[in-house]
Every structure is written in structure tokens, then in C-alpha cells.
Amino acid sequence: MTTYSYFPGCSLKGIGRAYEESLLPVFQALDVKLEELEDWNCCGATAYMAVDEVKACVMASRNLAMAEKLGHKEMIAPCSACYLVLNKTKHYLHESPAVRGVIEKALADVNLTYNGNTPVRHPLDVMVRDIGLDEIKKRVKRPLTGLKVAAYYGCQIVRPYATFDDQYNPTTMDRLLEALGCTLVPFPLKTRCCGASLTGTLPEPGLLCSKIILAEAIKRGADVIATVCPLCQFNLDGYHDKIAAKWNDCRIPTVYFTQLMGLAFGLDERQLGLHRGFVAMKPWSAQPAAAAVPA
Amino acid sequence: MDATKKQDVRIGFYICHCGSNIAAMVDCPAVARYVEKLPGVVLSRDYKYMCSDPGQELIQKDIKEHQLDRVVVASCSPLLHEHTFRAAVEAGGLNPFFFHMVNIREHDSWVHTNKVEATEKAKALAHAAIQRVAKHKSLEVKKVPIHPDVLVVGGGIAGIHAAMTMANAGKKVYLVEREPSIGGHMAKFDKTFPTLDCAACILTPKMSEVGSHPNITLLTYSEVAKMDGYVGNYTVTVKRKPRYVIEDQCTGCQECIANCVYKEPKFHDEFNEGLGKRKPVYIPFPQATPQVVAIDPKVCLNFRNGVLTDKCKKSCVTACGEKKAIDFTQQETVQDIKVGTIIVTTGFKTFDAKRVPQYGYGKFPNVYTALEIERLVNASGPTAGHVVMRDGREPKSIGIIHCVGSRDKKTNRWCSRVCCMYSMKLAHLLKEHTGAEIYSFYIDMRTPGKGYEEFYDKLLEEGVHFIRGRVGEVTDWAMSPEEEGKLVIRVEDTLAGYVRRIPFDMVVLATGMEPQADAQDVRRMFNMSCGSEGFFLERHPKLAPVSTFTEGIFIAGACQGPRDIPDTVAQAGAAAAEALALIDKGHIEQEPNTAFILDDECCGCKSCIPLCPYTAITFDESKKKATINEALCKGCGTCVAACPSGSIVQNLFDDEEIFSEIDGVLAHD
């Protein structure tokens, strides 16, 4: 059984808990073990990066150092922000001797070292490139036939580092969801900004960003938006009342791709956290298409 | 050193100030005084410019007055002036190889900052040269006759022009073209910038001249498979693909096409960039040269997967009748050609627009490449010049995006040079054909050519909108009713300072120029080099722009880098002139610094043979010894160093010379 280190980050224990709730059983169903880092800390966070980049890197590097110590070859970071900050820190470690110096000193103070190994991977990347679509198809017990999905990637998993997919037109999630039986609607806004943390500080432009994505998904005939990022999920799912009051009603469920995988694998909907959305997805087991397929 | 003392040589030493290039960092008189005392040195001088006429005359005069028999000049790189000084030594009455040059400019004064140390280094280098030159032997420059015939590879406008120039000068030319017709990219263009004269009107007369020229052997649908030999004596193997039509018997009447069992054309038409259709038996375009049809075995019913089945009723053969030009049994043939010089004009390929997915080529049917538009506006194109989109509508608004695949770290970093101009040409033609509103999105407008900037002015007056900004994306994401069903270009207008969304019916991508997909194979075959971007490398970017690092092989046109038609033709003429100069001299002079085998000592181990980068070494089976072809040897010394029995010696670099030089450089402390 392959084992990866697992860095959940704060979101997966909080507002994004449905992500973790679906991620862990899906990986388990695929015979992949995730070992959570012990005593992990804040990833450094994009917000802190904007205030003090070097200190943010120091925080990220403690997690990297501990992952290296844990000894598994690679680490999975499901939250896009964690994924980016951890990778950016690795980048600085290799490219900037000055930042490296600060990090090494800070790590030495807590008896840690980091050699720059341990790749930080996104679960979407691991699913498609390590495990493979064939393996995933084998686990599908309840194909999501007829479910129309807008695959929404957000910005951070493809920019600035496009390590496993195209920067402008990523297709990894499309292929994965197709393997589950979903129908993908053409979605030109797949990497457009969700509003990010702007919605917390300057609500109007932030909400507009979310509204544009929601409205386009509805216009394209999607039943549901699939995402890979807790902040995207929160922005797209959490402000429907405000958006409806300001513009028009754009209610459509936004779920994690792992939740759709769990559904297709025949896992329990409640166990996958599908009830947690403000705009919940219609229970799939009740859909006529799903009923037609033997479990 | 003892060795030098025993030598009865009379050496003259000259150190050059090179203005202040050397003298500012090296104390030249001090070096001259130092060398003066070395054994064998009869006189030692410093002089402001040794390469000047008085400098050269000084050497000649000294040789006579002081009976010098060896000369050393310490100055710049031998690449620049070794030839100059060897000539001066020869004019003074000595064998030119009783000379040695020391590079104290590039290797010393230009790269050091401490005058004392730089002077000491110059002394050491000079000391080495003095000891080395004493061991020099008299050598002879060999002359090898040159074969007067020429091979031109690639029948685009560059190859056509080079071949015509050579043929008109009375040389026999072989022109090899991979496609069924010559003409290249230019034949696909509608008009040419900035004069707007029709590309076909100026190209096709040259094409038919090539086809009928008595001095030109035209080999279309053929590829060069192999090249052997050396400057003046190349043997080239040309592979002739079967076109299933006997060229000499086909009159180009096209009855076979009219009578093909396929009543309607239905296969991808390469010449029209897939916008039109052709039959399995076809002629690429009306003015194709030669006027000979070709049969495509991939789609012809008489073949299956390219293998002859003879299952078609062959109405083409019946239509051809007595001419009997169609021959389904034709096989690939191979032909050897002997030439003295080769001009490579293999051209470019256009950038694949799908590599920039955000511009939607291949995803949105109404996104076109510029080359597709050339065919679409052309009177002999798939729509007879009527601009209709893939969905059948006529565009009322068109956006042209510049620099697609150019000036971008993610794709190609270079500027493709022609796109600004051809974009404006297409803007003009599209406006003329459709009356549509046209927007051109550019990063910088590059119009450096005769009449080019004036053409830009003309377009501005015609009402084409120019927006400075790199387009972010082409999307079908509509935000307003007027954007519905349109292609929306999102761009930061960097002059107006805000982000715009502009809806269009049609989007045209000005794709850049790239090296041909097989440029690396061609490079290897002709022993050329490529720059980092993959275009063939010229010997010198300014002073030898059409020469390569292999003697007798020249390059011209877009295989060397992106360029437009005027520059391509100029370069093709230059390459032809260089080749002519070589041929008309009648012989090649060969540097004597080649390697040779000491037959008595060679043990026949063959370890040198695979190491030679110029394939100059062969194995003589009767003698069981290696032999080196002097004409091919470039004097790199690899075999000399590798020979386990020390039985390979190189002129000007024999052990005695090299060890003396090393002793000399170490003698100075």
C-alpha cells in the first residue's frame, strides 16, 4: 500500500471539513494510505504571505521539514492555498540563498533540518497521475451518469506553478469526472478568480467574482460545480443570499471533487459531508439515473 | 631550455599594442625586452598596430635584413589575423607555417584587471610561442578540385531564387523539394506586404522558369537521405517518394482527377490548410511546378493502408489513356548526386496555435490561423476568395491577435519578425473583402522595412483599430446581450489603461515562425549547428550570415531564423554568390593542420574511427590500418589524443611542438 504524508491545513478541519470527510475515505477505497503530520502548523497562508513573505516561508518550512522527517516520499496538501505556499517555499529555498538562510536558522532553533526533498502534491494530481483513471474506473459502483458538472479549478493549483496541468486550460479534473460518468459542461471560467479573501475585506468586487462563476455555470446547464479548493467552495457556496440580494439568484451546489468520487464509489452521502453545503446537492441515491444502476 | 639552444633558429618577435586594447593592460615594451633575451630570438619589437600595412612590411623587411627564419606575433586572436601574418611571412620569403601567433588580447588584456599580472601572463605566453615556433616544420597548403554542380535543398522562394541564380550563372543545379510541387509557403500567400502585389503573380513565373531551366534538375516529392564527402566533393543520396505517376509522361491535363471514382473531393487539402478538400489523385494548386499530378496512397481506393490492392476500377488510368502516365507499381527510388556545394533552404513551420489554449484555436470554429486566412481570401482558395466562416456566416467584426507563440517565455522567446506586417496585410484584405470592423491587438508594432511604416500609416487611415495589449483570452463567456454567440477577446488596453472585453465574429491568430520539425535531423545530416532556438546557425551573425561551420554548405531563408520575403531572397542571392565564388575558384585550399597515421605503429585497433566527428577515418582492410582522409580532417585532434599507441600525429600539433610550448609557458615564473 502506498503511503503519503498528509498535510490537512486549517480549512480541512474547519469550514472545509467536508473535503477531508470525503478525501480520506476515497483514498482508503483506492488503497492509498495518508499519514497526517503530527503537530503540523499553519501553512503560512496566502494572507500572511502578503504581509511577510519570509516569515510565511519559515512557517511553511517547519511543515516541510517534519514531512521529510516522517520519511514518506511525498506529501499531499489538498487545500490550494497550502499547496501553493508549501511549493512556493520550496521554490524560494532553492532559488534564494537569503531566504534559505533565514529558514535554516529558524529550523535549527527547533532542531529541524530540511533538504528540499519531499514533493508537495495536490490530491487531484495524485489521483490522475499516480493512481490513474483506469484504477479509479474500477472502483466506480454507482456511475454519475447524467450529472452535469462544471469543473472549476480556481487559480492556485495551476498558477504560477503548472506542474501537472495546463496553466490556462487545465483538464485533469474534467478527465477524472468523466471517468466517474459525469457529463462535463464547457466551462470557460475554470481558472477565474473566485473572489478569494477579497470577499472578506472588499465584499462587493469579491462577491461579483463569485457571482460571475455561479451565473456562468448555471447558464451552461450545470447541476453542480466541482472544486478542488476550500476557499473556492466557501466563496461559491457561502454568499448566495447576498448575491441574490445584490444581483440575481445564482443558487447551485458547489462540491469537492472528492465528494463526487465518493458518491461514484458508492460511499454514504452523509459520510462524505454532502449535507454540509448551504446549497446542498440533491441526494444522488434518489436520482432516477442512479437507481437504474445496480449498486 | 637546452632544446632551444641547440636549435639554430633566428626568431623575430613582435608585440602589438592594438591601440590601447592591449597596451592599456600589458606593458608591451617590457614583454619585448623580456623576449629579446630568450634563446634563438634575433630581434624583438613592440609596435602600435601589427596588422596595419606598415606593421606587415616591418615583418617582411626584418626577415630579409636579419635573415629571420621564424616569426612570432603577440596580438589578437588567430581567428582574426593569423591569415594576415602568415601571408606577410610568406611575402617575406618564408614558409607561412614558420609563424606562430600569441593571443594576448582576448586571452589576456581584455580579461584581466591587474597590469602587472597581465604583463607576466603575456611574457609566459610569448615564451611558450618562442619555444614552440623553433620546432615548426615547413608545411604545404594542398589544393583539392571542386565539383561545379550544386545541390539546393528546399524549393520555397529561397531555394527557387538560389537555384535560378546559380543556373543562370551556368552551373548545373539539383533542386530537391519534399512536397509534390515547389513554391513553399509563399505559394500559399494571397498578397505580399507592403506593396500588396499578388504572391502568385510574382512567384509562379519564377517557378515555371525553374521547371524549364536546362541547368536545373528538379526533384520534387523527394528528400535528401544522406550526405557524404567534403567541400567540393559531396555525394548526396536523394530518396524519391513514389507519386504513382510517371513525371515525364504526365502532361498535367488533369483528366485523371476529373474521372476519379470519387466524384467529389473529400480529403484533407494540405495546400488549403484543410479548409478545402481534394481527391486522392490531385495537383496541389493550379500553378504547381511540375505540372504533374500525384496519387495519395493513404486515401486512394486502389490502396489499403498504403498497400496496393488493385481493387479500384481505376477510371483514372482509363482517362489517362495512351499517355500511360499512371503507374501504381511505382516504388521509392534512391539516387546519388555528386555536387561541390550545397545550399540549405528548408524554411520554417508555423507555430501550432493549439499550444496557446487560451486563444481557443481548435475549440472555437471561428478562430483561424493567419495562414488559413491567406487561403480564405485567395481567389484560388477553397471559397474562391469569399470570406465565410466555418459556420457559413460572413464576419462583421474581426479581431487579429499578434505575437501568437512569439515573444513569450512559455512558447518561443523570439520575435517572428513578419507577423506585424502580415497581420496588417490581412487586416487590409479582410476589410476589403468583408467591410468588417477590424481590431488588431499588438504588443509592439514592428515595421522595420522599406515602406513598412508607411503601410502602417495607411492601415490607420483605413480605420483599422489598433489596441496595444497582449490578449488574455478568447472566450465564449458572454457578460452582456451583445456578447452572446460571439467570441470575446479580453485584453488590457495598455494605452487607455483599462481591461476591455470586445466581442467578435471571427478571431485571427498571427502565429509565429518556428524551425521545421525535422530541423535537428537535417542539421546532423549536413553537419551544421543550430542555435538554442533550433534555427540553423550561421558561421558569423554579421560577417558570414549565409555560411555554416561546414565548408561548402550554405543556408538561406527562414531555416536560419524568421524573416520575410525580401530578406529571404536577398539571403538566397548571397548564398548563391558565396557558392559561386567557391566553385569559380576551381579548387579548395586545405589547411595543413590535419592528422595522419604512422603506418608502422598503427595496430589497427579502430578506436579512433568512431571518435572522429567528421567521419574522416576509415579502416584499410588490406593493410589492417586506419587511414585518414585529409580532405575531411578538420584538425580537431580527438584521434591524436585517443590513439593508444601514439601512432596518430597532427601537423602543427606534434608532440615536440606541444611539449616545447608547455616547457616555455612553465619556464617563466
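Guide: In this predicted model, the contact draws 6 residues from chain A and 5 residues from chain B.

Visitor: What classes of residue are on the side of chain B that touches chain A?

Guide: That side of chain B has 2 nonpolar, 2 polar and 1 charged residues.

Visitor: Turning to chain B itself, what is the strand order in the open sheet of 3 strands?

Guide: The order is β26-β27-β28 in chain B, and the pairing is antiparallel.

Visitor: Which strands stand at the edges?

Guide: β26 (471–475) and β28 (498–504) of chain B do; each has a single partner strand, so one side of each lacks a neighbour in the sheet. From one strand to the next, the twist averages 20°.

Visitor: How many bridges join β27 to β28(B)?

Guide: Strand β27 (residues 487–493) of chain B is joined to β28(B) by 7 bridges, and the two run antiparallel. B:Glu492 stands opposite B:Val499 in β28(B).

Visitor: Now the helices of chain A. At what angle do the axes of α6 and α8 cross?

Guide: The axes of α6 (residues 123–131) and α8 (residues 172–179) of chain A cross at roughly 60° and come within 10 Å. The two helices, α6(A) and α8(A), are therefore oblique to each other. Their crossing is left-handed.

Visitor: Which residues meet there?

Guide: From α6(A), A:Leu124, A:Asp125, A:Met127 and A:Val128 meet A:Thr172, A:Met173, A:Arg175 and A:Leu176 of α8(A). By class, this contact of α6(A) with α8(A) has 5 nonpolar, 1 polar and 2 charged residues.

Key:
Residues numbered from 1 in each chain as written. Chains lettered and ligands numbered in written order. Predicted model: local features only at pLDDT ≥ 70, side-chain atom pairs only at ≥ 80, totals over all residues. Contact = placed C-beta atoms within 7 Å. Nonpolar A, V, L, I, M, F, W, Y, C, P; charged D, E, K, R; others polar. Pairing = 2+ DSSP bridges. Helix = DSSP H or I, 4+ residues; strand = E, 2+ residues; numbered from the N terminus. Axes fitted to C-alpha atoms, helices over the stretch in contact; angles between N-to-C directions. Parallel < 35°, antiparallel > 145°, perpendicular 65-115°, else oblique. Left-handed = near helix turned anticlockwise from the far one by under 90°.
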